[in-house]
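Trainee: I have a chain open on screen and some time to go through it. Can we take it piece by piece?

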Amino acid sequence: MDYGPWTMDYNQTLQYLYTQLPMFTRDGASAFKKDLTNTLELCRRLDNPQHKFRSVHVGGTNGKGSTSHMLAAILQTAGYKTGLYTSPHLKDFRERIRINGQMISEQTVIDFVEAHRADFDEIAPSFFEMTVALAFDVFAKEKVDIAVIEVGLGGRLDSTNVITPLLSVITNIGWDHMNMLGNTLQLIAGEKAGIIKPGIPVIIGEQQLEVSNVFIDKAAQTNSNIRFASEEWVVSSPEVGKSESPKEKAGLLEIAIQKISFGLSDFRTFRLDLTGTYQLKNVKTVLSAVDELRGQGFIITDEHLETALRQVKNLTGLHGRWETLSHNPLTICDTGHNPDGIEEVMKNIASVKSNHLHMVIGMVNDKDTGKVLSLLPKDATYYFCKPDIPRGLDAESMKAQAGAHGLIGEAYLSVKEALLSAQKNAANDDLVFVGGSTFVVAEVV
């Protein structure tokens, strides 16, 4: 297609971005830039919008998206005009950039691209670098009170790492993107720790013995106050471990929260509309972040917390986190895609009472498929599929790899075909699970 100087509509604008700019979802590691030069130059030409709004920076291997959405829901419920930047999107590009839960307009995207196409041609940014610049430009022009910014990949070299936030948050460290971040947890943690800024406090979600010193040492170097959320809260759910009925499981997750302080504890109960049990870890991270923001003058009451946590999905548009797609048969999807994420998914599957498990699974071809496949149950029926992106792992190839792990099933031409077959074969008391990749979930939500 010839992208001339004339004004493009929204679909043409997206097509231009998708085809002209290097995309990680399409090109993989080659689209990941090893420095911040392009982002800084784009921001310079936009009059440095990254310095014109307050922010919270959220990184980590798993849970950073859910944590970002929960924080945004709480802040907007407390009355603050709240920007939210996350990635990737599931259905619509504009999911990445929201203000008080509302996606930016199509016209905003069109106008930004039209105004800066000459800059894109000259700087040659990646798709992600362009999107970050757009988000920061929108948040500055809309004068948000605060923006929650989710790291895309890693931290130190991520395009979002040009902000100076009020608070840095790192949820946890696990195995993912080793080809770009390093092949040890310590190396991965070092890249994630790159978002810790001089004098800026940092919340670490989970205290993990293998990597805690990486964060402690980095915080000491930057003179940043460091807190480990997992050591500050006891968060539990009386519903976890029960054999809930599907409809109960698909509702709100009751969570009991205790703050640990000098051997004493305050107790309060909330309900959360993100029902995956792994959210209990993320809630601790969110609570410590809120506590830190309160200390910086933000007025966030327990009532704000209670109201926001009950309706995170409605307030911020979050999808794909242990989300129920249908009830007969019960069909649930989740975006967990690396070994730690899949382990959490398996815990959730084990908590649902069902007669037989049907697994609709697809992955991308640059993941450690062996580690993930080794975690999946051998007594399930599998429906292998390829997510509709260039990096998608061929379904027949996945079937062969899965077979080496004792996982038996058939390959399908598409995610939707695999899902339809699973639902057709499943009895009413069976469970159908869809996942293995964010891009598989994107095709079913």
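Trainee: Where is Asn425 placed?
Mentor: Asn425 is in helix 17, residues 415–425. Helices (H or I, at least four residues) and strands (E, at least two) are DSSP runs, numbered from the N terminus. This is a predicted model, where local features need pLDDT of at least 70 and side-chain atom pairs count only at pLDDT 80 or more, while totals for chains, interfaces and linings use all residues. Residues are numbered from 1 along each chain as its sequence is written, and side-chain values use heavy atoms, with hydrogens and water left out.

Trainee: Which residues is Asn425 in contact with, leaving aside neighbours within four places in sequence?
Mentor: His358 and Tyr383. Contact means heavy atoms within 4.5 Å.

Trainee: Next, Asn348. Where does that one lie?
Mentor: Asn348 lies in helix 14, residues 339–350. Asn348 counts as buried because its relative accessibility is 0%. Asn348 and Thr277 are 71 residues apart in sequence, but their C-alpha atoms are 6.3 Å apart in space.

Trainee: What span should helix 14 have?
Mentor: At 1.5 Å a residue, its twelve residues should span 16 Å, and the end C-alpha atoms are 16 Å apart, so the two agree. The expected span is 1.5 Å times one less than the number of residues. The buried residues of helix 14 include Pro339, Gly341, Met346 and Asn348.

Trainee: What about helix 5, how many residues does it have?
Mentor: Helix 5 covers residues 106–123, which is 18 residues. From first C-alpha to last it reaches 24 Å, close to the 26 Å expected.

Trainee: Where does helix 5 bend?
Mentor: At His116, by about 60°. The bend at a residue is the angle between axes fitted to the seven residues ending there and the seven starting there. His116 is also one of the buried residues of helix 5, and Val109, Phe112 and Phe120 are among the others.

Trainee: What covers the buried residues of helix 5?
Mentor: The cover includes helix 1 (10–20), helix 3 (37–45) and helix 6 (127–141).

Trainee: You mentioned helix 3. Which helix is Thr39 in?
Mentor: Thr39 is in helix 3. Thr39 is buried, because its relative accessible area is 0%. Its side chain makes a polar contact of 3.3 Å with the side chain of Ser159. A polar contact is a pair of N or O atoms within 3.5 Å; within protein, one must be able to donate a hydrogen and the other to accept it, and residues adjacent in sequence count only if both atoms are side-chain atoms.

Trainee: Which side chains have polar contacts with Arg227?
Mentor: Glu232 at 2.8 Å, and Glu292 at 3.1 Å. Arg227 is in strand 8, residues 226–228. Arg227 counts as buried because its relative accessibility is 13%.

Trainee: Change of topic. Where are the cis peptide bonds you have noted?
Mentor: One joins Ser87 and Pro88, with omega about -10°. Another joins Asn328 and Pro329, with omega about 0°. Pro88 is in the loop between strand 2 (82–85) and strand 3 (97–99), and Pro329 is in the loop between strand 12 (323–327) and strand 13 (330–333).

Trainee: What is phi for Asn223?
Mentor: It is positive, about 55°, although Asn223 is not a glycine. Asn223 lies in the loop between helix 9 (212–222) and strand 8. Asn223 is exposed, because its relative accessible area is 65%.

Trainee: Last topic, the whole chain. How many helices and strands are there?
Mentor: The chain has 18 helices and 17 strands. Buried residues make up 59% of its 445 residues.

Trainee: What is the mean pLDDT of the chain?
Mentor: The mean is 89, and 90% of the residues reach 70 or more. Over residues 241–250 the pLDDT is below 50, and this stretch has 18 contacts in the model beyond near neighbours in sequence. pLDDT is the predictor's confidence in each residue, from 0 to 100.

Methods. Buried means under 20% relative accessible area, exposed over 50%, partly exposed in between (1.4 Å probe, protein chains only).
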